[in-house]
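Please open the model in your viewer, with the sequence panel beside it, and follow the selections below in order.

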Amino acid sequence: MIRFEAGAVEELGDKFRHNPVGTGPFEFASLEPKQKVVLKAFDKHGEGKPKVDQLEVLYLPETAARTLAFVKGDVDMIE
């Protein structure tokens, strides 16, 4: 079932923040607060399935920890 954002907010109430709705090439898979968000490829995306099967966005608040993770090859990019 496809929901528009306004409908999802009404339907999910307070649970909406952990069940995001979007239209991009990835869909929400899981959330570990202050640790990571996992997104998986959305097979039915209008422009086709992404070339990457999954993305993990890690929460690394310390600059040194981010840099070390990048240097060690634990992450592919940092900001």
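Begin by selecting Arg66 and showing its surroundings: leaving aside residues up to four places away in sequence, Arg66 touches Leu60, Pro61, Ile78 and Glu79, where contact means heavy atoms within 4.5 Å. This is a predicted model, in which local features need pLDDT of at least 70 and side-chain atom pairs count only at pLDDT 80 or more, while totals for chains, interfaces and linings use all residues. Residues are numbered from 1 along each chain as its sequence is written, and side-chain values use heavy atoms, with hydrogens and water left out.

Keep Arg66 selected and colour helix H2, residues 63-72, in which Arg66 lies; helices (H or I, at least four residues) and strands (E, at least two) are DSSP runs, numbered from the N terminus. Which backbone oxygen does the side chain of Arg66 reach? The backbone oxygen of Glu79 is reached, at 3.2 Å. Arg66 is buried yet has no salt bridge, and Glu62, the nearest side chain of opposite charge, is 7.5 Å away. Here buried means under 20% relative accessible area, exposed over 50%, and partly exposed in between, with a 1.4 Å probe and protein chains only. A salt bridge is a side-chain nitrogen of Lys or Arg within 4 Å of a carboxyl oxygen of Asp or Glu, and for charge Lys and Arg count as positive and Asp and Glu as negative, His and the chain ends not being counted.

Next, select the strands, of which three form an open sheet in the order S1-S2-S3 with antiparallel pairing. S1 and S3 are the edge strands, each pairing on one side only. Two strands pair if DSSP finds at least two bridges between them.

Zoom in on S1 (residues 26-32) and S2 (residues 36-41), which run antiparallel and are joined by six bridges. Leu31 stands opposite Val37 in S2, and the bridge partner of Glu32 in S2 is Lys36. In the hairpin of these strands, with three residues between S1 and S2, select Lys34, which takes a positive phi near 60 degrees.

Finish at Leu58 in strand S3, residues 54-58. Leu58 counts as partly exposed because its relative accessibility is 40%. Not counting residues up to four places away in sequence, Leu58 touches Gln35, Lys36 and Val75. The C-alpha atoms of Leu58 and Lys36 are separated by 4.3 Å, although the two are 22 residues apart along the chain.

Methods. A polar contact is a pair of N or O atoms within 3.5 Å; within protein, one must be able to donate a hydrogen and the other to accept it, and residues adjacent in sequence count only if both atoms are side-chain atoms.
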